[in-house]
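Subject: The structure, and what turned up in it

Hi,

Here is the structure I promised to pass on to you. Have a look at it first, and then read on for what I found.

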Amino acid sequence: MPNPALPGAPGHPNAQDKAPHEVELKLRGTPAMLDKLRQAPVITQHARNQGIVRRLEAVYYDTPDCLLDRHGISLRVRRSGQRHIQTLKRAASGDNPLARQEWETPVDDEHIDLSRFPVAEIGAPLDGLRAEVLRPVFSSKVRRRIQKVQFDSALVEIAFDEGVIAAGERSEKLSEIELELKAGDAAILYEIGLSLLDLAPLQVETATKAARGYKLARNTEFKAAKAEPVAITAEDNVDAAIAKILGNGQHQLMANLAPVEFGDNPEGVHQMRVSLRRLRTALTLIRRELGPTALGPVAEEARRLARVLGPARNWDVFATDTLADIEKAGLPDIDIAGLRNAAEPFRAESYVVVREMLAGSQTNRFLLSFGRLLERRGWRNGVASEAMTVLAEPVKSFARRVLTRSHRKSLKRGRHFKQLSPEARHELRLSLKKLRYTSEFFLPLYADVPAAGKYLKRLSQLQDVLGAANDAATTQPLLDTLRRGTSAPELHYSIGAVIGWQRREQVEAAKGLLKRWRKFEATTPFWA
């Protein structure tokens, strides 16, 4: 029987966005895949109609300096037959990666009429905007086949889209399936996605048509997403906090799919690895509190993804940060450009492996299964009855308990700090990283505690110094790879010089390391 004190149960007062919104899952595939999937059993057995075909032409508008895009807003007029509909969308508050706020209203022609939107409700920057400053930025033409499917728990509209997005002379084809929840449980979107994935190698698509259009128009890359604060409040119980922490991790992971797959900015891979580390930290503390749960496979898959991302991240750090630091140091006779050029093929190959991983069915099945688990509150499955009381307790008691445990574990690993071996210091660094993520999860509960900032600052500084030794250890195998791949004497000399420089940096960093540790060790935990 559902516990009404837990989120997702009948009667639980979940906080919902007050603005109209859409909940939509996108899956990318080839036109041949879309043709095949129109007759998928999950569709034909639940179809409410035969489906209709529409031809949609849309023009997206913004100011010359892209004010709307900078505020996370897309604004378009779409024509279907003789009808024109203007639509404004922006990301919904909260951590659901499938949700967006949406306002639609008919207009007379292809021109925007801002007066027909509830401007006061939408707020900035629309409330100070004049329609005459808006200009077309890009357009799309789509052939859409729409069909509604009815399940016991939900009504879903499935759209098969094929078409093109164009901005000036640049264009990009699109071929995707949109699953939009019209009523009911959002978990059904992930269920349908998994059923379709059984029939064709689809990919989860997180880049909207608007995002792809802006990328074409401005010739830019998708922007990597850093972690946002978890929206925990003192009124939450543990079950609600788990939903928010895991949802926050899912949101960051999904937001970095497009930057990693289609971009070349090292920040995308970095932030995806951060999202996976945060997820693994959260999963560890949840499993320790609740005992064995359905979260085990999630942790294993997060570990696999992080492992595949590792080489790409290591080559990124070497080609950008490490060589840039050496260049700033002004070391003579080191062929920085030669090292960077020699590293580039290995870096490019590591990105090929990453993109193959993102395209693979195992990764996409994980993304869909994880989303379904979050919607269904799957961490409750297999939990012993005595552990269920933990889920109903106030989150602040839970936070104090897990933070204290993580803090004590780090202090224990750092005992006899001066005598720690390099391996033990590496383990301490990992423990401190988990402590930092755990602290950040619950930081909103202590927003009015001045000591929180001091604690995190000292923790971060200690991590940075310990990280110098890890950077050198990570760089060594890369330098060995470069050495085996070249016979050029100047590059061999440069490789040796890099090794010597890093050892010197380690010695310098070690001088202040004990002091950093003692300052952190003496810092009173902000939750105490």
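This is a predicted model: local features need pLDDT of at least 70, side-chain atom pairs count only at pLDDT 80 or more; totals for chains, interfaces and linings use all residues.

Strand 4 and strand 5 (residues 99-107) run antiparallel, joined by eight bridges.

How enclosed is strand 4 by the rest of the structure? Seven of the nine residues in strand 4 (residues 83-91) are buried, so the strand is largely enclosed.

Now for the rings. Searching the whole structure gave 14 aromatic pairs. Take F222 and F262: their ring centres are 6.2 Å apart and the planes meet at 65°, so this pair is edge-to-face. F222 sits in the loop between helix 6 (209-218) and helix 7 (238-255), while F262 belongs to helix 8 (residues 257-262), so the pair ties together parts that are 40 residues apart in sequence. F222 counts as buried, with a relative accessibility of 15%, and F262 is partly exposed at 38%. F222 has a charged neighbour as well: the charged end of K215 sits over its ring, 5.5 Å from the centre.

Another edge-to-face pair is F398 with F442, at 5.9 Å centre to centre and with 70° between the planes. F398 lies in helix 14 (residues 395-413) and F442 in helix 15 (residues 422-442), so this pair ties together parts 44 residues apart in sequence. Both F398 and F442 are buried.

Finally, there is a cluster to look for: ring pairs link F417, Y446, Y455, W517, F520, F526 and W527. What lies over the face of F417? That is R425, at 4.8 Å from the ring centre.

Happy browsing, and do write back with any questions.

Best wishes

Note on methods: Residues are numbered from 1 along each chain as its sequence is written. Side-chain values use heavy atoms; hydrogens and water are left out. Rings of Phe, Tyr and Trp (its six-membered ring) pair if their centres lie within 6.5 Å; planes under 30 degrees apart count as stacked, over 60 as edge-to-face and the rest as tilted. Helices (H or I, at least four residues) and strands (E, at least two) are DSSP runs, numbered from the N terminus. Buried means under 20% relative accessible area, exposed over 50%, partly exposed in between (1.4 Å probe, protein chains only). A charge sits over a ring if NZ of Lys or CZ of Arg is within 6 Å of the ring centre and within 35 degrees of the ring normal. Two strands pair if DSSP finds at least two bridges between them.
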